[in-house]
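Student: I want to check the terms used for this fold one by one. Please show the structure, then set each value against its definition.

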Amino acid sequence: MNATITFCGGTRTVTGSTHLLEVDGEKVVIDCGLFQGHREEYYKVNSQFCFNPSLVDCVVVSHSHIDHCGNLPNIVRNGFRGKIFVTKPTKDLLKLMLLDSAKIQEEDLKFVNKINARRGLPPRQPLYTIDDARKSLKRIRAVGYRKKFNLTPRIQCAFFDAGHILGSSIPLLELHSEDKKIRIAYAVDLGRKGIPLLEDPDILTDIDYLIIESTYGGRLHEPIADAKVQLAMTINRTIERGGKVIIPAFALERTQEVVYYLGRLIKEKMIKPVPIYVDSPLACDITEVFLENSESLDEETKSLIKRKADPFGLNSIHYIRNSEESKKLNADKHPMILISTSGMCEAGRVLHHLRNNIEDARNTILVVGYMARNTLGKRIVERHKRVNIFGESFELKAEVAVLNAFSAHADKNELVEYVVNTKAQLKKIFIVHGDMDQSEALALNLRNNGFKAYIPKKFETVVLE
């Protein structure tokens, strides 16, 4: 058997996960994510493939976060004609995520091109269009958890629960020849035990190779139980000074999780009464997908839904779809909690809210998720004195609060614990999806625990024995 894996993206960095598995000429792409960063680099990186899309047999997608699936329309645009395998909730979510990604690209470029036109600069084109996204959706096939299926004659797959977001999976790939079998587990991204809404990650055993994330490979999270208290404290001090709490959040999972906690805070009277808005048509639609796929949620959430206990605040929180309503929020100077996409502040409605509120010291920008390097969100977390939004410079006067307890990524101890619990005689662990300092910290920790850990370079090809 001639088996190799090429690390095409999402290694030594956090976004753009894409990997090519080849077995005796059969080609399977694992994840096909968008690299998220500054506009110039975004277009350059996402337009480069380490494979010919027209020669790929199929794609396996671990979950529906854009940095793992967002480049699917682009490979279809460039000739891919195979099937895309996902879990059932992921299929439902991709219908929303990919169309929204294309729509945001088209809408943001309209705004950017207006500014460029005033500066005498040429117009830009989107990476892909809504039509490209629709074409990619036709290639998606859903498979249930823990059911083995064929990708190619020599490669089989089964999805196991990653506990990261709704529908997220750990694909287990089995490579077969007449006299050999290789089992590869892809734990990118890996969730945490005990986070709201989701089941705990499945632990896989009897595997030869493990590909694992390292987003927080060298850091510890605060306990999940602390998230509610920290959220209440941040909200209350902002309201007391008459400000707005602006929460950039991914429409998928993080918004639903924050809303879940806000509902608890309201019920327990831990925060002062204040209007709460979820300003994202996508988040509205995704919340409906959560309800439609409640069988994939944890027992507590399923029980709340059965009792009609409104875990997502549909009866108490203002969900905004209309763009005119969104614009009115910026004219409203009263205290409020405003959750808006996108999570890394690189696109979407949150950019308009930041543009209108970032220079008011009464306000708080509350960060509840990971901000990748070279994103606006990262510059806000680092508290740069001035930041650019839509090409214009703004002074960062608002308070910046970061709550890492909300993370849906396993931290350094949870990652090592997961590897130890596989009880596998692993030939090698490939560490991806992390900034270099985090990947190196995890690699050292795993080596100290007796494992062979390796951090591949981008575009590096490794032989699987």
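Tutor: Start with pairing: two strands pair if DSSP finds at least two bridges between them. Helices (H or I, at least four residues) and strands (E, at least two) are DSSP runs, numbered from the N terminus. This is a predicted model, so local features need pLDDT of at least 70 and side-chain atom pairs count only at pLDDT 80 or more, while totals for chains, interfaces and linings use all residues. Residues are numbered from 1 along each chain as its sequence is written, and side-chain values use heavy atoms, with hydrogens and water left out.

Student: What is the strand order in the open sheet of seven strands?

Tutor: The order is E7-E8-E9-E10-E11-E20-E21, with mixed pairing.

Student: What makes E7 and E21 edge strands?

Tutor: Strand E7 (149-152) and strand E21 (453-454) each have a single partner strand, so one side of each has no neighbour in the sheet.

Student: How do you know that E8 and E9 pair?

Tutor: Count bridges. The rule asks for at least two. Strand E8 (residues 155-161) and strand E9 (residues 169-176) have seven, in the antiparallel sense. Ala158, for one, has Leu172 in E9 as its bridge partner.

Student: Which helices lie across E11 and E20?

Tutor: Helix H13 (residues 412-421) lies across E9, E11 (209-213) and E20 (428-432), at about 165 degrees to E11. Helix H14 (residues 436-448) lies across E11, E20 and E21, at about 160 degrees to E20. Axes are lines fitted to C-alpha atoms, for helices over the stretch in contact, and angles run from 0 to 180 degrees between N-to-C directions.

Student: Why is H4 called roughly antiparallel to H5?

Tutor: Helix H4 (residues 88-118) and helix H5 (residues 130-137) pack at about 165 degrees, with axes 8 Å apart. Angles under 35 degrees count as roughly parallel, over 145 as roughly antiparallel, 65 to 115 as roughly perpendicular and the rest as oblique. The H4 angle therefore makes H4 roughly antiparallel to H5.

Student: Which residues of H4 and H5 are in contact?

Tutor: Contact means heavy atoms within 4.5 Å. On H4, Leu94, Lys95, Leu98, Leu99, Ala102, Lys103 and Glu106 take part; on H5, Ile130, Ala133, Arg134, Ser136 and Leu137.

Student: Where does the other open sheet have its edges?

Tutor: The sheet of six strands runs E14-E13-E15-E12-E16-E19, with parallel pairing. E14 and strand E19 (399-402) pair on one side only, so they are the edges.

Student: How do you know that E13 pairs with E15 and with E14?

Tutor: Bridges again. Strand E13 (residues 276-279) has four to E15 (residues 336-340), running parallel. Val278 has Ile339 as its partner in E15. E13 and E14 (residues 318-320) share three, also in the parallel sense. Tyr277 has His318 as its partner in E14.

Student: Why are both faces of E13 called covered?

Tutor: Ile276 and Val278 on one side, Tyr277 and Asp279 on the other, are all buried. In a regular strand the side chains alternate between the two faces of the sheet.

Student: Why is Lys302 called buried?

Tutor: Buried means under 20% relative accessible area, exposed over 50%, partly exposed in between (1.4 Å probe, protein chains only). Lys302 has 18%, so Lys302 is buried. Lys302 sits in helix H9 (residues 299-306). Not counting residues up to four places away in sequence, Lys302 touches Glu199, Ser294, Glu295 and Leu297.
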